[in-house]
Each structure stands twice: as C-alpha cells, then as structure tokens.
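Subject: Structure for you to look at

Hi,

Here is the structure I promised to pass on. Please have it open while you read, as my notes follow below.

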Amino acid sequence: DGKNANEKKKRKNAIKESAHTKYIYIYINIYIMVKSHVECSSELVWQCVKKNNAYVRASVNRTRFSAERGNVTSKHGFSSSGIANNNNTIDIQELAGTKTPSSTLNGANNKGIFRNQAKAVDAACATRPDLRKKALARVSAIHKAGRVARAKK
C-alpha cells in the first residue's frame with residue numbers, strides 16, 4: 001500500500017503540474033492575442049467595420065450616421081470614417097466650460113478669435129484637403145452656436 005500511495009502522489013503532482021502548465025500556456029496565448037497589433041490598410045479596416053460597429057446610428061429615413069472620433073461630417077462612409085482613416089483624421093469637438101466659443105482640434109484646445117481657429121483647422125487639413133471645407137463648416141457652426149447675442153437697447 002505504501003508503494004501505491006507514493007505512485008498516486010506522483011501521478012497527482014504530475015497531473016497538477018501539467019494542468020498548471022496548460023493554464024499558463026493558455027493565459028500567455030490569450031495575453032499575446034489581446035496585446036498584438038497588426039498594421040493593415042484602411043480599405044481592409046473599412047470592410048470589417050462598414051456593416052456594423054458601435055458608432056453607427058441609424059436614422060428614420062434610412063440615413064446612417066456615425067458618432068466616432070475623427071469623423072468631421074458624422075456620416076457613415078469610408079472617406080469620413082475615423083476608424084478606417086486612423087492616421088489622417090481631423091477631430092473637431094466643442095470645448096465646454098469656456099466663456100468664448102472654442103473647440104478642440106485633434107485633442108488640442110482651439111481657442112481665440114474665429115480667424116485663428118480657421119487657420120489652425122486649415123493647417124490641420126493639409127493631409128486631407130477633401131475635408132477642409134467640411135471641417136471649416138464644423139468650426140464655424142461651433143463658433144456660431146457659442147456666441148451670445150447682444151442685448152437690444
């Protein structure tokens with residue numbers, strides 16, 4: 001019985017070690033899969049996300065909009081997509097909590113008079129000239145919405 005007990009302990013330890021090794025191996029594989037980053041073309045990314053993603057908003061009249069960062073027009077399409085064109089995006093958001101109309105341009109504050117904001121947007125659109133007019137329209141709309149009308153005398 002003593003011999004059998006030792007053999008049983010050895011088998012149990014061997015099973016525990018192999019199970020532990022498998023667990024570590026699976027954990028390492030999952031960790032590597034999550035942390036890996038693969039460079040791929042914008043067209044491939046668009047083919048993967050065009051049908052359905054977390055940012056798509058459907059309208060009543062079958063128009064599709066997108067709420068993703070880097071999408072100036074808010075339309076769901078390849079040319080304006082912030083996910084597919086990740087390297088060449090222009091992100092313009094309203095900057096809340098300021099007294100004057102201001103916006104953020106690619107994460108940086110875009111404050112001051114409208115002429116300076118327009119120059120900054122124009123400079124940022126050097127990589128995407130097709131979005132220049134749309135980006136200026138967005139900054140103009142944000143600036144116009146933030147203005148306060150003067151009181152009539």
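How many helices and strands does the secondary structure of the protein come to? There are four helices and five strands, taken as DSSP runs (H or I of at least four residues for helices, E of at least two for strands) and numbered from the N terminus. Their order from the N terminus on is α-α-β-β-β-β-β-α-α.

Before the details, a word on the basis: this is a predicted model, in which local features need pLDDT of at least 70 and side-chain atom pairs count only at pLDDT 80 or more, while totals for chains, interfaces and linings use all residues. Residues are numbered from 1 along each chain as its sequence is written, and side-chain values use heavy atoms, with hydrogens and water left out.

On the sheet: E3, E4 and E5 form an open sheet in that order, with antiparallel pairing; strands pair if DSSP finds at least two bridges between them. Strand E3 (92-94) and strand E5 (108-110) are at the edges with a single partner strand each, so one side of each has no neighbour in the sheet. Three bridges link E3 to strand E4 (residues 103-105), and Ile92 has Leu105 as its bridge partner in E4.

Both Ile92 and Leu105 also belong to the largest nonpolar core, which has 12 residues. Such a core is a set of buried Ala, Val, Leu, Ile, Met, Phe, Trp, Tyr and Cys residues joined through side-chain atoms within 4.5 Å. Buried means under 20% relative accessible area, exposed over 50%, and partly exposed in between (1.4 Å probe, protein chains only). Helix H3 (114-124) and helix H4 (132-146) are the elements that give two or more residues to this core, and H4 gives the most, with four. Among the other members are Val72 and Cys125. Across the protein, 24% of the 153 residues count as buried.

Then the cysteines: the structure holds zero disulfides, a disulfide being a pair of cysteine sulfur atoms within 2.5 Å. Cys40 is partly exposed at 41% relative accessibility, whereas Cys48 is exposed, with a relative accessible area of 56%.

Happy to talk any of this through.

Best wishes
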